[in-house]
Amino acid sequence: QVQLVESGGGLVQAGGSLRLSCAASGLSFSSYTMGWFRQAPGKEREFVCTISWSGGRRSYADSVKGRFTISRDSAKNTVYLQMNSLKSEDTAVYYCAAQVVGGRSYDYWGQGTQVTVSS
C-alpha cells in the first residue's frame, strides 16, 4: 500500500533551520505532484508548498516564500522541505501529500511530523 513517512521535525529556536523529509513507497513517485501542508493548534490545515512531478515547478505560500525550499529526489522517492529563518508562527504539524498528475485533490497523506519553534 501507499505510505508517506515524514521525518526531521523537532524543537528549534527562532531563526534556526530544519529539514523535513518525506519518504514515499507503494506509488509511482514520478507520477505525483508532492506537497507540504501544516496545521497549527486550533487552526485549519494550510498549504505550505508544492513541487511538480519533474521538479521543474514549485510554488509556495506567501508566509514561507524566501525561507522554505521544497525539493525532490526521484532516485530515493523522497521529497524534502528545507526550512530556514524559522519563526514561532511556523510551529505546526507538517504533513506531506501526493497528488497524481492531473488530479484535483491530494490522494495520499503522511502521518505528520511536529515542528516547534521557540521564541
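Modeller: Start with charge: Lys and Arg count as positive and Asp and Glu as negative, while His and the chain ends are not counted. The place of a charge is NZ of Lys, CZ of Arg, CG of Asp or CD of Glu. The protein chain has 12 positive and 8 negative side chains, and the centres of the two sets lie 5 Å apart. This is a predicted model: local features need pLDDT of at least 70, side-chain atom pairs count only at pLDDT 80 or more, and totals for chains, interfaces and linings use all residues. Residues are numbered from 1 along each chain as its sequence is written, and side-chain values use heavy atoms, leaving out hydrogens and water.

Now the part itself, Ser21. Ser21 sits in strand S3, residues 18-25. Strands (E, at least two residues) are DSSP runs, numbered from the N terminus. Ser21 has 17% relative accessibility, so it counts as buried. Buried means under 20% relative accessible area, with a 1.4 Å probe and protein chains only. Which residues does Ser21 touch, not counting those up to four places away in sequence? They are Val5, Glu6, Ser7, Trp36, Thr78, Val79 and Tyr80. A contact means heavy atoms within 4.5 Å.

Step back to the chain. The protein chain holds 11 strands and 0 helices (H or I, at least four residues). Of its 119 residues, 45% count as buried. Among contacts with a separation of 6 or more, 55% come from residues 24 or more positions apart. The C-alpha trace spans about 40 × 25 × 25 Å along its principal axes.

How values were computed:
Buried means under 20% relative accessible area, exposed over 50%, partly exposed in between (1.4 Å probe, protein chains only).
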